[in-house]
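Trainee: Hi, could we go through this complex together? I'd like to start with the chains and then move on to the details.

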Amino acid sequence: MHILIVEDDEVARDYLAKALREAGHTVDVAGNGMEGLHMASSIAVDLAIVDRMLPKLDGLALVQSLRATGRKVPVLILSALGDVDDRITGLRAGGDDYLTKPYHMAELLARIDALARRGDTGNAEASTKLKLADLELDRMTRRVMRNGKKIELTAREFQLLEFMMRHSGQVVTRTMLLEGVWDYHFDPQTNVIDVHISRLRQAIDKDFDKPLLHTVRGAGYSLREDE
Amino acid sequence: MGPDQRFLGVLDTSPFRIAIVYSIVFAIGAAALIYAVDFAVSRVVDGSTDNLIEAEVQGLREQMLVLSRSDFIELIEQRSQDQDVRGAVYLMVDPQLRPVAGNVPAWPKVDASAGKWFLFKVSVPFGDETREHEMRAQRFPLPGGYRMLVGHDVQERQNVKSLMMRGLITAVVLTLLLGLGGGFWMGRRILAQAGAISAVATQIMRGDLSQRLPVRKADDEINTLAREINTMLDKIEQLTLGMRTVLDSAAHDLRTPLNRLQATAEGAMSSLKTGSPERRVLESVSTEVDQMRSTLDALLRIALAETGTVAREPVDLSALVASMVELYAPVSEERGIVLESSVALGAQVQGNRQLLAQALANLLDNAIKFTPDGGHIRVVLDGSGSAPEVIVEDNGPGIPADKREIVLGRRVRLDEARKFPGSGLGLSLVAAVTKLHGAHLVLDDAGPGLRVSLKF
């Protein structure tokens, strides 16, 4: 994937670029807003990571200008501001995701992955049936089957599984789950998400040989078929 | 406000009260005026008739001395018939009070104590009917025990007087009604303006600092006041936005180095073997960064809530409480804690969903943290409609009564709580969020345990 980083903080930018290259991406960097807008408009990038406070052109203005010219490239906004409202203004300006500093690289990588694949999963979003190996989820009838056997889930477990299946093969972090399934944007002090996941795991993996729901150490969870 | 209340509200306004006071003052003035007019009219009119009668009596007395009785009687008859002297009455009676001459049918009963002037009534033909007219008269004795009465019809004067009185009283009543009506109208106007002002004030208190009081073109004191308040609001908005800017730069200046630290630590870690001492040091650095971040987040959210500059929208409190209970149910169940809930439907508040969720999460985090395994937590959303109350109750150690106020302050952790993880900002954030929503936060004894109530 070709990723553009627009970030004025050199230390953070260099580390981010290095980490993304190590993850196998092609990376371009810009140190200010004007340069960033110019690059985002002229180079065919697959994704842009834009810091919110930038010299010359503010990060939000950059995204707005980009959207105004019809560029649909996914944008992840990085912010060192407060939160609560900033997140909403960031997304309203045309950002696709929003992450507050300081962040863990694992969190950023998981979100980039989710953003990049959002285009591919456009079909999955529309289709009523999601499938992974022998696990099937029907959004219309709200039924879940594994290996032909019906699995009973609560409404929330169903939502959780649906979210995991739409991001199957990707790493999903706890905050992504709290945001995507519950629409809450805070860090709970207790391991609330882990317990929900372990219940879901009980329901879908317990009676079957091959586990589908995996814990990714230091990052989150992943629903995938192990080869 | 119902129509009755609105009506009663007008009665309480200052213009209406002023109108009442002025109406009373005016009524007293009008009464004095009526009295003065009556007095003056009486003096002028009564004076002129009295002079007439006095002159007539004087004339008759002189005639009496020179004329014989029969000539005098004729004179009286003549005078009585005289159409030019309208309203004049005469009566001459013999010693037995039998009428001898004149145009009054009978000698009136006169109180002996009355002076020379007296009033009496006579039936006077008026078209087909007769009317009682009031007469003012003087009497005097004639030679031979005869008596004479000379008077004048004062009915007309009475009529004029009563007509004038009626006119005056009508005018006064009309003026009073107009005064009260005007006062009522002014009161309503003031009330409408005051209502608009208080509606805007409520919105401003809810955090919409861009609102301004409605100002009309007129240069009256209310509009002047509204303009001045608007200028003040401009200042407050500037100050608050300034605070927000300071907050944002503080956030930026703290988050940027933390982010570098995290990046550097993670970058260095990636090249180290898992379990190596160097890696463990870096891992603890990363954990500390996380801890600092969560403290910073909490502090910023508290400050943000306190500036009141957070966007607000209608929040379905019932759904929020139910979803928070549902979020925390598995984790409490794992600890063997019974999380019981009773959530009333349809409760809505104007507020910030994320901050409310964070506040509830903090309360539930605390409850779960401090409640012993196998304990009991109760979450109640009471009363649907405009004033809902959220209660989170546990049977943990609770907070001593004398320390309940203190824990709401920033970064206060009771010694007993130090063995538990956390930033110590949980309840401070709850307090700030509660205040932002204009709600009341009460910490109470759940006997045993802590009972937290958020009353909106």
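Trainee: How much of chain A is buried?

Mentor: Of the 227 residues in chain A, 43% are buried. A residue is called buried if 20 or more other C-beta atoms lie within 10 Å of its own, exposed if 12 or fewer, and partly exposed in between, with C-beta atoms placed from the backbone. Keep in mind that this is a predicted model, where local features need pLDDT of at least 70, side-chain atom pairs count only at pLDDT 80 or more, and totals for chains, interfaces and linings use all residues. Residues are numbered from 1 along each chain as its sequence is written, and chains are lettered from A and ligands numbered from 1 in the order in which they are written.

Trainee: And what share of chain B is buried?

Mentor: For chain B, 27% of its 456 residues count as buried.

Trainee: What confidence does the predictor give?

Mentor: Chain B averages a pLDDT of 83, and 93% of the residues score at least 70; pLDDT is the predictor's confidence in each residue, from 0 to 100. For the complex, the ipTM is 0.88 and the pTM is 0.69.

Trainee: How many residues does each chain put into the contact?

Mentor: Chain B gives 39 residues and chain A gives 31. Contact here requires C-beta atoms, placed from the backbone, within 7 Å of each other.

Trainee: Which element of chain B gives the most to that side?

Mentor: H5(B) does, with 14 residues. By class, the side of chain B that touches chain A has 17 nonpolar, twelve polar and ten charged residues. In that scheme Ala, Val, Leu, Ile, Met, Phe, Trp, Tyr, Cys and Pro are nonpolar, Asp, Glu, Lys and Arg are charged, and the others, Gly among them, are polar.

Trainee: Switching to packing, which residues have the most contacts inside the largest nonpolar core?

Mentor: Those are Val321(B), Met324(B) and Tyr328(B), in a core of 120 residues. Helix H8 of chain B (residues 353–370) gives the most to this core, with eleven residues. A nonpolar core is a set of buried Ala, Val, Leu, Ile, Met, Phe, Trp, Tyr and Cys residues joined through C-beta atoms within 7 Å.

Trainee: What does Tyr328(B) contact?

Mentor: Leaving aside neighbours within four places in sequence, Tyr328(B) is in contact with Val192(A), Leu339(B), Leu364(B) and Ile368(B).

Trainee: Now Val315(B): buried or exposed?

Mentor: Val315(B) is buried, because 20 other C-beta atoms lie within 10 Å. Val315(B) is in strand S6 of chain B (residues 313–316).

Methods:
Helices (H or I, at least four residues) and strands (E, at least two) are DSSP runs, numbered from the N terminus. Two residues are in contact if their C-beta atoms, placed from the backbone, lie within 7 Å.
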